[in-house]
Amino acid sequence: MFKCSVLFLAALALFAMAATGVSADVVETKSGARLVGKVTAIDGSVISLSTDYAGVLTIKQEEVVSLTTDEPRVIRVAGGAVMTGVVTTSADGRIQVVGGDRVVTAAINEVVATWEPGANDPALAARGAKWSHEASVDMTGKSGNKEQSGIAAGTRSKRIGVTDALQLYTAYNRQKSFNVVSSDQFKAGIDYSNNFSGRKSWYVRDEGGFDRVKDIALYNVTATGMGYDFIKESQHVLTGRAGVAFRYESYRDPSTEVVKSFGPDFGVHHEYTLGSAKMINDFTYIPAFEDFTIFRAIHESYLEVPLAGVRWKLRIGVTHDYNSQTGDDVEKLDTTYFTRFVLRWQ
């Protein structure tokens, strides 16, 4: 009887150890200590390890020689790269984060933060929501309806929170060619998105304005839908959107049919940071449900580089605006090349 009890307790202990190992992270130090628990935080100087036997331990990061997690974690390393995956340590003492077909390697002391997949970046959470603002002035050249040079101006305000983002923007462009107005357009809009779960988000947006050269007296687009972050890293973002939009356009020429239609709303935003420079690409496509030949497509790409000081930026890029239905004797496609000086503040 006693022998059976001992065997039972031994088996139970082995089972408990195995069960503990299933959900355990391991931290090894230079002194040879092997600590088992759950890594809860890394702040660039210490690693916090939650244990059943000693509560939360804080280990100096410089003393750690090996870090292993049994479940995927989000890791941010010095320089801003973010990767989600299981963490292991190679023979040369560098951590490896394996996610899908990608592997990111870094020294242990280069890890500056970690958090659970789907949770918020602790650095972003610490900042909280705050507003930033920018004002821009363009020097442009344009081909399409007219050939000219001119001046354009715009403003944009952003409120970036832990899980949501709000943008308010305006832009006005008026140009002349040989004393003839070749561009006279204005737009104002609002865009709100909420990152409610991991890479998933929902959005609502509204934009209105006019384009007198294209004979558009008033236009308005209201849209809502879902977004998904195909790439979500501190230096590389690729977000797609798909939803439903209502599009309205009236024209100064009464013979042009007014557009009032529901349709799908598609958008792509791509942002890549390399050092202090940033490349931005945006594309929006809005057709009508009843006739997909009636649509508007807008594309903008630009390179942003810093100027003297942290507030001034220079953007060099191009915008394409295609409207399948315009007034008579008006080109459907306008292409704008711009050099934009941007002043940013908070």
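Q: Which residues does leucine 303 contact, leaving aside its neighbours within four places in sequence?
A: The model is predicted, so local features need pLDDT of at least 70 and side-chain atom pairs pLDDT 80 or more, while totals for chains, interfaces and linings use all residues. Residues are numbered from 1 along each chain as its sequence is written, and side-chain values use heavy atoms, with hydrogens and water left out. Contact means heavy atoms within 4.5 Å. With neighbours within four places set aside, the contacts of leucine 303 are Ala277, Lys278, Met279, Leu314, Arg315 and Ile316.

Q: Is leucine 303 buried, partly exposed or exposed?
A: Buried means under 20% relative accessible area, exposed over 50%, and partly exposed in between (1.4 Å probe, protein chains only). Leucine 303 has 38% relative accessibility, so the residue counts as partly exposed.

Q: How many aromatic pairs does the structure hold?
A: Rings of Phe, Tyr and Trp (its six-membered ring) pair if their centres lie within 6.5 Å. The number of such pairs in the structure is eight.

Q: Are the rings of tyrosine 192 and tryptophan 202 stacked, edge-to-face or tilted?
A: Planes under 30 degrees apart count as stacked, over 60 as edge-to-face and the rest as tilted. For tyrosine 192 and tryptophan 202 the centres are 5.5 Å apart and the planes stand at 55 degrees, so the pair is tilted.

Q: Which residue has its charged end over the ring of phenylalanine 338?
A: A charge sits over a ring if NZ of Lys or CZ of Arg is within 6 Å of the ring centre and within 35 degrees of the ring normal. Here the charged end is 3.9 Å from the ring centre, and the residue is arginine 340.
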